[in-house]
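The sequence and structure come first.

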Amino acid sequence: MNALTELQQWYASNCNGEWEHSYGIKIETLDNPGWFLQIELEETNLQNSYFVSTEVEHDENDWYICKVEKNRFEALGDPTKLNKLIEIFLDWAKSQNAEWLTPPSLGDLQLQADRDFYNLLIAAPSSSEICHHDRCNKFQLEYSVMCAEHHFEMLRNYPFSDTMGSKGGNFENNDGESCNLI
């Protein structure tokens, strides 16, 4: 199967009636000359996946650069490299997930969003005041009357422990306080 066909399959597998309205794939030409490929990774099974940036330059007519920044795969290359750029993306996508054409479930996306939100909360400064939630002895967030866990529950309107489930773990906030996510 050729690279463009596989890229089309990956795109189609992520189209769910919502994703394609906010995200997608761009292929453009550059004026130096060359190609630019941008693939949005938000809400795909590649969201937050690690990619080793690549920069190859043999000469001004033989080069390419690939990187992931802000959940976007971005690749640039000389006029002969479009297929190579797509192949690099596909090889990486396949290496990250055996089911690379299976998009994440809505539950997985919500869990990831909740974890990202909680990570922002625990990175926020704490005050010296104790959380106002009953029987909690953790420090409040700087601009809240709750600690990170209870602030999360107040805003999300569901228990923190249900969010993290069995995939929880330990995090440490800026005050060195251990936060158990089980």
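## Aromatic pairs

A search of the whole structure, which is a predicted model, finds 12 aromatic pairs. Rings of Phe, Tyr and Trp (its six-membered ring) pair if their centres lie within 6.5 Å; planes under 30 degrees apart count as stacked, over 60 as edge-to-face and the rest as tilted. The pair of W19 and Y23 is tilted, because the ring centres are 6.3 Å apart and the planes meet at 35°. Of these two residues, W19 is buried at a relative accessible area of 1%, while Y23 is partly exposed at 22%. Here buried means under 20% relative accessible area, exposed means over 50%, and partly exposed lies in between (1.4 Å probe, protein chains only).

F51 and F73 form an edge-to-face pair, with 5.5 Å from centre to centre and 85° between the planes. F51 belongs to the loop between β2 (34–40) and β3 (54–59) and F73 to strand β5 (residues 72–77), so this pair ties together parts that are 22 residues apart in sequence. Helices (H or I, at least four residues) and strands (E, at least two) are DSSP runs, numbered from the N terminus. Both partners are buried: F51 has a relative accessible area of 10%, and F73 has 0%. One aromatic cluster is formed by W10, Y11, W19, Y23, F51, F73, F89 and W92.

## Nonpolar cores

A nonpolar core is a set of buried Ala, Val, Leu, Ile, Met, Phe, Trp, Tyr and Cys residues joined through side-chain atoms within 4.5 Å. The largest has 21 residues, and I39, C66, F73 and F89 have the most contacts inside it. Two or more residues each are given to this core by α1 (3–14), β2, β4 (62–69), β5 and α3 (82–96). The largest share, seven residues, comes from α3.

Leaving out residues up to four places away in sequence, I39 touches L7, W10, G24, I25, N71, R72, F73 and F89, where contact means heavy atoms within 4.5 Å. A second, separate core has seven residues, including Y118, I122, F152 and F160. F152 is also among the buried residues of helix α5 (residues 148–156), which are A148, E149, H150, H151 and F152. Just after α5, N157 adopts a positive phi of about 70°.

## Cysteines

How many disulfides are there? With a disulfide defined as a pair of cysteine sulfur atoms within 2.5 Å, the count is zero. For C131, the closest cysteine sulfur is that of C147, and the separation of 3.9 Å is too far for a bond. The sulfur of C136 likewise has that of C147 as its closest cysteine sulfur, at 3.8 Å, which is too far for a bond. C131 is buried at 6% relative accessibility, and C136 is buried at 13%.

## Two selected residues

Q47 lies in the loop between β2 and β3 and is buried, with a relative accessible area of 15%. Not counting residues up to four places away in sequence, Q47 touches L41, E42, N71, L109, Q112 and D116. The C-alpha atoms of Q47 and R72 are 8.7 Å apart in space, while the two residues are 25 residues apart in sequence.

E55, in strand β3, is exposed at 61% relative accessibility. Beyond its neighbours within four places in sequence, E55 is in contact with Y64 and I65. E55 and K67 are 12 residues apart in sequence and 8.6 Å apart from C-alpha to C-alpha.

## Whole chain and confidence

The protein chain has six helices and nine strands. Of its 182 residues, 37% count as buried. Among contacts in the chain with a separation of 6 or more, 48% are between residues 24 or more positions apart. The chain exposes about 10900 Å², of which carbon and sulfur atoms supply 48%; accessible areas come from the Shrake-Rupley method with a 1.4 Å probe, and for residues only the protein chains shown count as cover.

The mean pLDDT (the predictor's confidence in each residue, from 0 to 100) is 86 for the protein chain, and 88% of the residues reach 70 or more. Over residues 166–182 the pLDDT is below 50, and this stretch has 39 contacts in the model beyond near neighbours in sequence.

## Basis of the values

Residues are numbered from 1 along each chain as its sequence is written, and side-chain values use heavy atoms, with hydrogens and water left out. In this predicted model, local features need pLDDT of at least 70 and side-chain atom pairs count only at pLDDT 80 or more, whereas totals for chains, interfaces and linings use all residues.
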